[in-house]
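Dear colleague,

I am passing on to you the structure we spoke of, with the sequence alongside.

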Amino acid sequence: MSSPVITRFAPSPTGYLHIGGARTALFNWAVAKGQNGKMLLRIEDTDRERYTKGAVDAILDGLTWLGLTWDGDAVSQFERAPRHRDVAHELLQRGKAYHCYCTPAELEAMRAKAEAEKRPIRYDGTWRDRDPSEAPAGVKPVIRFRAPQDGETVINDHAQGRVVIPNKDLDDLIILRSDGNPTYNLSVVVDDHDMGVTHIIRGVDHLTNAARQTQIYLAMEWAVPSMTHVPLIHGPDGAKLSKRHGALGVEAYREMGYLPAALRNYLARLGWSHGDDEIFSTAQMVQWFSLDGIGKSAARFDFAKLENLNGHYIRSTDDAELLQHLISFLPHVAGGADMLAHLDDGMKAKLLKAMPGLKERAKTLVELKNSASYLFAQRPLKIDEKARALLNDEGKAALVGLLPVLASAPDWTAHALEEAVKVHAETQGQKLGKLAQPLRAALTGKGTSPGIFDVLEVLGQQESLGRIADVLT
RNA sequence: GCUCCCUUCGUCUAUCGGUCAGGACGGCAGCCUCUCACGUUGCAAAGACGGGUUCGAUUCCCGUAGGGAGCGCCA
């Protein structure tokens, strides 16, 4: 019986779930699900100056929206500080750590000097072997880890391979601040150990930390977990993903109208692959997912591909389910609240009927919402004189003559109504569609059309339309 | 500056020494069509560069160039 797999996602509460973090969470989640293990959640909230409750909630909301569930309660790293302190002191007793009395000013000077002399910026070990009796009065010491100076530290990484870092390049890091609070690298090691984490999966930006953390594991004689450092996600221009690329947190993707399933699928394919498979269900992904499939190089975020994928998911989602997605999406988009206010049971039924036609041409929920807006539009619709002038009597007569045909249309979508017109036109040997075309162009300027349905409304046929509506509903 | 990592079509990627270097998005062209969309057919498009190893390198090794990450009493 092999030991259960325990992964963890450990974000710091920055106020949103970064898209890179979302992918990291997805990978952790997939590994845990696929191995029948657990994914734990730990909030790295030790920086109290930045901490806010809202920032934590944003992360939890993001994960929840994405459908990534965690096991047990979220662990607060801050609350575990006493335990971290204990370990720091144990390290002290083991001779693996020591007090350092350098002041921040001295350290700053040390760094400046090293930089000026173009030397690597590292702590010079002033207090590493100095007798504590020489400690200056009135200076609160920090505790530094006594890192090995010779040899090398090896990280056997599932994504990066065997990474070797010379120990001479790693200095004695502070593990306990002068105010008695632990620092990140210590806390992470202690927490991962105490939480029983077997697999650490995080961004490559932690690779150097992995080396320092490995040294701490070794000093405590703890088993080093399996490590996987996944490459970062870059913006479309190849630079680090940042604010100017628009979207940052997953809530932004939500607002842009992407479906969680589509985002999961897209994110999974960014840095990970399973042969030529592009579109797969989350269940399939979980089944296929393997740390070995993770690549080494950074990937650029491609909105066009995400959009294409999202369109696919919108089209293949069940109508009723898609309606639910749309409804829960509305509060997050401009103008959505207004639509939501008019969404009584009757409107829901109409929307549901219209869904087959609507979803075929929507790549995002925003587009779905916009194209559905004709159902909510204030009647009668407006038409300008220019457009009206373009309609000759022949065209009017032809369109009005279509009313009976429209009444027999199978559903409420503009598209379906147009199909009915088409069939009629073919049957009658008339090119009625051609008549509607110039009007549509005139109404819309260009681009998407309101459809025959709205065209008729514009023509002042509300009464007839009312009758059609009765027949249809 | 120092350490580590990366480099296949524009983008995401497949390939685990021998392939006409495959797929997807995007692009272009055609079909379908009253618009958009969907669908569909086809086309263009890649191994950064230079050395090795080998009968044979995209694949293994070294170097160069370019890119990225890290180097806090932040996480």
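This is a predicted model: local features need pLDDT of at least 70, side-chain atom pairs count only at pLDDT 80 or more; totals for chains, interfaces and linings use all residues.

Chain A holds 21 helices and 12 strands, and of its 473 residues 35% are buried. If one takes the contacts in chain A between residues at least 6 apart in sequence, 78% of them join residues at least 24 apart.

I would begin with strand 2, which covers residues 38-43 and is mostly covered, five of its six residues being buried. Strand 1 (residues 6-9) runs parallel to strand 2 and is joined to it by four bridges; Thr-7, for instance, has Met-39 in strand 2 as its bridge partner.

Next comes an open sheet of three strands, in which the order is 4-5-8 and the pairing is antiparallel. Strand 4 (97-100) and strand 8 (174-176) stand at its edges, and each has a single partner strand, so one side of each is left without a neighbour in the sheet. From one strand to the next, the twist averages 45°. Strand 5 (residues 142-145) and strand 8 run antiparallel and are joined by two bridges, and within this pairing Arg-144 has Ile-174 in strand 8 as its bridge partner.

Finally, there is a helix pair to look at: the axes of helix 3 (residues 81-93) and helix 5 (residues 184-194) come within 10 Å of each other and cross at roughly 105°. Because angles of 65 to 115 degrees count as roughly perpendicular, helix 3 is described as roughly perpendicular to helix 5. On the side of helix 3 the contact is made by Arg-83, His-84, Val-87 and Ala-88, which meet Leu-186, Ser-187, Val-190 and Asp-194 in helix 5. Sorted by class, the residues in this contact are four nonpolar, two polar and two charged.

With best regards

Definitions and conventions
Residues are numbered from 1 along each chain as its sequence is written. Chains are lettered from A and ligands numbered from 1 in the order in which they are written. Axes are lines fitted to C-alpha atoms, for helices over the stretch in contact, and angles run from 0 to 180 degrees between N-to-C directions. Angles under 35 degrees count as roughly parallel, over 145 as roughly antiparallel, 65 to 115 as roughly perpendicular and the rest as oblique. Two residues are in contact if their C-beta atoms, placed from the backbone, lie within 7 Å. Ala, Val, Leu, Ile, Met, Phe, Trp, Tyr, Cys and Pro count as nonpolar, Asp, Glu, Lys and Arg as charged, and the others, Gly among them, as polar. Two strands pair if DSSP finds at least two bridges between them. A residue is buried if 20 or more other C-beta atoms lie within 10 Å of its own, exposed if 12 or fewer, and partly exposed in between; C-beta atoms are placed from the backbone.
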